[in-house]
Amino acid sequence: MLQRLNVATTGRRFLHWRRAIAEKNASINAFVYITPKTKNEQTNAGAKNLRGLGVAIKDNICTVDAPTTCSSKMLQEFQSPFDATVVKLLREQGADILGKTNCDEFGMGSLNINSVHGPVINPLSFLDGVDGVSRSAGGSSGGSAAAVAAGMCFAALGTDTGGSVRLPASYCGVVGLKPSYGLLSRWGVVSFADSLDCVGVFAANVQDTRRVFDALNVHDPKDPTSVPEEIRRQAAADSQARMDSWSGDKRSLRGLRIGVPQEYFPAELSPFVRQRVKDVISELKSIGATVIPVSLPSTSYALSAYYVIASAEASSNMARYDGVEYGFQVRSPPEADHSTASRVYAYTRTRGFGEEVQKRVLLGTYALTADAFDNYFLQAQKVRQLVKDDFNRSFLGVDVLIHASAIRTAPPLGEDGGLSTYVQDVLTVPASLAGVPAMSVPAGVERDGWPVGVSIVGQWGSERVLMRVGSAVTGVFTE
Amino acid sequence: MLGELRRGVSPFVLRRCFHDVRQYKEDIRWPGWQVIIGIETHAQIKSRQKLFSNAFNATLGEASNTHVSPFDAAFPGTLPRLNHRCVDLAIRTSVALQCDIQTRSSFDRKHYFYPDLPSGYQITQYYAPIALNGCIEVVSPDLTFPVRIKQIQLEQDTAKSTVNPRSRASQLDLNRAGAGLMEIVTEPDIRTPEEAGTYVRTLQSILRAVGASDGNMEEGSLRCDVNVSINRVGRPLGTRCEIKNLNSIRFMMAAIMHEIHRQRVVIESAPDPETATVPQETRGFDEHSFETYRLRSKEDAPDYRYMPDPNLGTLVLSKERISQICRDFPELPSQTRGRLREQFGLPERDIDVLLTIDSERKIPFDGESLQHLDNAEAGAVAYFDKVCTKQRDPKVVVNWMIHELIGKLSARGESFKDNKVTASQLGQLIDLVEDGVITRTSGKHLLRHLLENPTQTTALQVAQDLRLTAFSHSPIQNASADCQKQDVLLQLCAQAIVHLPAEVESFRRGNANVLNRIVGQVMKASRGRADAKAAGVIIARMINEPKQ
């Protein structure tokens, strides 16, 4: 079964991604737009580290040659006049932009079911040996994760605001990296919650993830939160120095200190997933890592803080969708109340936004009202600082934290998760709040054949460390 | 950061020091009442590009929606990028208004739905503005008073939405959307409509002097919101009403005047005038009826849901940056006035004229200076300064500028900015006259010629081309040229004597006045080039001593 999964990776040079898209996309619904095949004609520039490699782009990242719908009726016809910086960089490195991938509307959701394009079906649902029930690819970047898992692309870009890359990576059995906040440009990335949004990378293995990440890890003056080159270099040098202090043997991790945060084993964590995490930790221990139990006491408050902050920013960012300058528009009937602009816009916004988006806009709008601001938004900012402090304190004693990416394997579609869809976020939102890098790597499969993901979280700018540890984790399971 | 999310100054502190600022002065128009006025001014920043996008700022009259970047139209995926030229101009303004410049400030989003706001929020500085606690010394003819500046904040301008009255369709012009504004907020230190007018004029001249804004109310680059309250003397302050969007000083004063009377009527006609209060409202001003009208009451006040902008972070200003701006600081209007008075000894009347003309000067973008230019674009004061170099007498210069140059320009229906005579040329012209190379009359003729036929050549060259150089005793050092001129003058005088025998006879008999007519003949024959004084001396000598 694993061998079958790995066909996509080992044979990628000879696989035609476009053929895979043609064959599989109808059942998986990962791509919502497929770009016509074009030769990447840019031959002038120097090094082309991604020459000919097919990359899929989440549909909330702007592209000039394809619509950018954010899976919303609001933007169903929307065509951006510019490429996102990350897309521009991919093109410059010779990548072939294959198309746009399905996602939850504006990135809001964890199952990729809030989409005007319909849900993404986890491609592993179609493999022999699994239970045959259609399962979720996870969200919100479900289409990107599924495209990689189904061999429809070399790599895919997603966005991660509270776990939207790590969760689908975990459900689909691929690598998903949410880099440190401020490393990958957000110019051209449709904002959900600016202070949390990160562009993330999906690929079949750590090495490929690294290749794409490296191509995108440059300062962008168009993004005011993009970190200057100097700080990037310093962080990379710090990571390198840390790794140099480990054992000289490449296969050994002697000197690595792994923190196991006790708060990341909630009651809802499935026993099997819990076991896989423990297995990973003991494997890493067996190749020399030191395991240290740590505590991140603010974790339990992180989820509420996340929902207040993310929804507040979302309500602000969604305000621009009023049908005036672009996008979907519902004309108000002549008998309607035209006394205020908001009453006129309400027709467009009521029909243009899906249920989940409306829910969060309402929550965020409330959190920002004068009466609620102090109790909600300000409190949430305080909690966010506590969460950051937690991480900073932990990273004084350990190099990385390891925990489960998800409380369970991919849930069947149509199952009403209720509040548990939010509980899931407990494992992913703290790293988002703290702006630290986190990477989900596949760590084997459960008895029913569904993959389990393990997250590695490091301090800001320590992507190299994450990748080294991630390679070791995946190495354990691919040997 | 969390601390910054509370608005800075405690109103309590302001209340306490309130009455220290101005002493109550009875106004015969409303005896027994005290009027309290505060003004919020929105000044468009004179930057080439908008506050957060690279779109160029439009000038008045340009086609709609031609200066719009995707960010200005709130396209998804766009992000703001702070234009530091705007920040520098705000710092200049803060220095000029004696504010405490905040080395750390931040941006917030103010939310409301309106077609003139494409993103659904305006980026402004609500929690931590760039400057606090300033002061302007306002000088009016009868009174000098301080107006404290509460704060200066940077923010985005909105788009312009207009409703076509016939089709009732809204039309949207995004040219102005996202342009940089400074909101300059005073403490309630103003007491009369006239003071309000003087304050705005003073602010205008300061903004223009530092190049931060055109300050042009007619073109909308300066707009005022005015807060007015009234109270009986010795009683607590009244409830204020805000009058929005006043776009001329005249309208602002009229609006305040109307508001004072309206509020008085509200209180005095109440069942219990002693305890009555005015309902807190936001009001508009009707430019036709000259009255204010209710826009919304306090209950309808919108909740703007202020939120720190998650993209822009903290604006950190280094001490070096601020001191650099202080080093290259332009001269403020009060300094200019002082300098013209003390350094040049000009009378106030002439200073007023020069400053008034100077206020029509075009303000260049991004705080750049045009004062180095030799022409009218430098502005009247810089032009005057330039003409005054080389030890020219400032009083002579100001006379030539105000009476001759400006006079001739207005005769042509032009203003100073249409003046094509360079400062160097005017200086040379004055020298030619002062040195007696040409007569004053020829000087005026030369000036008119230069205005009609702009040229790059020197005034002397043009004077020579026009044969204006005078026939006279001349202090010019060229002896042969001098002699030549002297010969011509003698010849002209001799001819005049021959031409007017009756007058000559009359003069000889002792009628001194008739000499002017003979000199007039010389002037006529010389087409004004002759030195009348010298001609008079020569003619008198010729008549009295005919043998020579």
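**Interface and annotated site**

In this predicted model, chain B and chain A bury about 3,100 Å² between them, 64% of it on carbon and sulfur atoms; buried area is the accessible area (1.4 Å probe) that two parts lose on being put together, summed over both. Of the area that chain B buries against chain A, 22% is supplied by B:Pro76, B:Leu79 and B:Phe113, more than by any other three residues. Contact, meaning heavy atoms within 4.5 Å, involves 32 residues of chain B and 44 residues of chain A.

The rule finds one salt bridge across this interface, defined as a side-chain nitrogen of Lys or Arg within 4 Å of a carboxyl oxygen of Asp or Glu. The side chains that meet in it are those of A:Asp194 and B:Arg109, at 3.3 Å from N to O. On the side of chain B that touches chain A, the elements giving two or more residues are β4 (108–111) and β15 (307–308) of chain B; strands are DSSP runs (E, at least two residues) and helices likewise (H or I, at least four), numbered from the N terminus.

Within chain A, UniProt, in an unreviewed entry, places the feature "active site" at A:Lys58, A:Ser140 and A:Ser164; such annotations may be inferred rather than shown by experiment. These positions span 107 residues in sequence, yet no two of their C-alpha atoms are more than 11.1 Å apart, so they gather at one spot.

A:Ser140 lies in the loop between β3 (96–101) and α4 (142–149) of chain A, and a cis peptide bond with omega of about 5° joins A:Gly139 to A:Ser140. Another loop of chain A, between β2 (54–58) and α3 (85–92), holds A:Cys70. A:Cys70 has a positive phi of about 55° although it is not a glycine. Most residues other than glycine have a negative phi, and most peptide bonds are trans.

Residues are numbered from 1 along each chain as its sequence is written, and chains are lettered from A and ligands numbered from 1 in the order in which they are written. Local features need pLDDT of at least 70, side-chain atom pairs count only at pLDDT 80 or more, and totals for chains, interfaces and linings use all residues, while side-chain values use heavy atoms, with hydrogens and water left out.
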